[in-house]
Amino acid sequence: MNASTPVIAVPRAAGADASAVMADLARMFHDRAPQLLGETARTFFVEMVSVHVARAPADADLTRAALDQLGIAAGEMANWRQIEDDPVCGRRFALMLEHTHALEAWCCAPLLKDDGRPTLLLHIDAHDDLNGPSLLPDPDRRKYLAPLGSDVMTLDDPKTVRRFATRGYIGIGGFIAPMIGSAAIDAMLHVPGPAQAGGRGAASLAIGLAPDSGFIRVEKQNCARPGIPYHRMNLAAALEVAHAFDGHILLDIDLDAFCNRYDTHGDSEVADADALIAMAEAAQLLTGSGLPRRAAVTTVALSPGFFPGSLWPEALRFANAMRAQSIG
């Protein structure tokens, strides 16, 4: 626990539910994400964590970029997203800051019908985002339980996914795990970005849920059940695979693939000019391939605290190019 993070004691009313208490605190303190530290018969002890992740202040341009480019205040950044459906073609496009909200965008997307066709996730991101969220498995593979209280998230109800995301149960790197657990994707291609392109670090593994009875975790290789294929490759190769894939496609783009400057383990040496060139080349490959026109859902995350705010004007132009093909 950070000494600068306040801990409050909340009196426990008769029959009080921890999840409901967390939700009430989140509504009252928009710039804080309450995390339950412990409880007694009379009291909940809650750590009030800032929604501005500790890494964010390293990027001096971040809050100004959010205000100037999107008109949102710093306290709104963690939960901001826009999800749009094209009423004619049925394709969906979603723009978000924190990548967490990609899971909500995938849920109940108009073109993701249970028609027996497989689904491919093309994930362009500096990270694989195969972390485990703070969720407990339910016998119904489409449902997940909150770590506290009795709240339930179901992938057939995007409102519950939104609620779990805003309560911090999913996390910016844990949103793919529920899709794996529910068998909602059948293969995953990961493009780590220009710095890892050209075949270096290529991997072909199987991924699935780890065989434990606690929180859900993704395991590579020796999966508890037959795993789904995971391949890491450069963008050109991934687009070839996607072009030949006979099924649904989820196109998922995190801008930190082009500049991961403010990650504590990031690619801090990428210059602005190189990042812009990488974005332009990726945009040309993606639009030239026509993949956003084919994808059932296209998601773009600006990744505050990873991707620099100084590049958000160009990042939004990139996002608009994806949107124009997806739902234009």
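Trainee: Are Phe164 and Tyr169 buried or exposed?

Mentor: Both Phe164 and Tyr169 are buried, where buried means under 20% relative accessible area, exposed over 50%, and partly exposed in between, with a 1.4 Å probe and protein chains only. Before we go on, note that this is a predicted model, in which local features need pLDDT of at least 70 and side-chain atom pairs count only at pLDDT 80 or more, while totals for chains, interfaces and linings use all residues. Residues are numbered from 1 along each chain as its sequence is written, and side-chain values use heavy atoms, with hydrogens and water left out.

Trainee: What makes Phe164 and Tyr169 an aromatic pair that is edge-to-face?

Mentor: Rings of Phe, Tyr and Trp (its six-membered ring) pair if their centres lie within 6.5 Å, and planes under 30 degrees apart count as stacked, over 60 as edge-to-face and the rest as tilted. Phe164 and Tyr169 are 5.2 Å centre to centre with 75° between the planes, and a search of the whole structure finds three aromatic pairs.

Trainee: How do you know that Lys220 lies over the face of Tyr230?

Mentor: The rule asks for NZ of Lys or CZ of Arg within 6 Å of the ring centre and within 35 degrees of the ring normal. Lys220 is placed over the face of Tyr230 at 5.5 Å from the ring centre.

Trainee: Why does Arg92 count as buried?

Mentor: Because its relative accessibility is 8%, Arg92 counts as buried. Arg92 lies in strand E5; helices (H or I, at least four residues) and strands (E, at least two) are DSSP runs, numbered from the N terminus.

Trainee: Which side chain is joined to that of Arg92 by a polar contact?

Mentor: The side chain of Asp85 is joined to that of Arg92 at 2.6 Å. A polar contact is a pair of N or O atoms within 3.5 Å; within protein, one must be able to donate a hydrogen and the other to accept it, and residues adjacent in sequence count only if both atoms are side-chain atoms.

Trainee: Which residues touch the most other members of the largest nonpolar core?

Mentor: They are Ile253, Leu255, Leu286, Trp312 and Phe318, in a core of 48 residues. Such a core is a set of buried Ala, Val, Leu, Ile, Met, Phe, Trp, Tyr and Cys residues joined through side-chain atoms within 4.5 Å. Apart from it lies another core, of 38 residues, including Tyr144 and Met153.

Trainee: What does Leu286 touch?

Mentor: Not counting residues up to four places away in sequence, Leu286 touches several residues, among them Ile124, Ile253, Phe318 and Met322, where contact means heavy atoms within 4.5 Å.

Trainee: How many disulfides does the structure hold?

Mentor: The structure holds zero disulfides, a disulfide being a pair of cysteine sulfur atoms within 2.5 Å. As for individual cysteines, Cys259 is buried because its relative accessible area is 1%, whereas Cys89, at 25%, counts as partly exposed.

Trainee: What is the phi of Cys108?

Mentor: Cys108 has a positive phi of about 60° although it is not a glycine. Cys108 sits in the loop between helix H3 (102-106) and E6, and its relative accessibility of 44% makes it partly exposed. Asp129 also has a positive phi, of about 55°, without being a glycine, but Asp129 is buried, with a relative accessible area of 7%.
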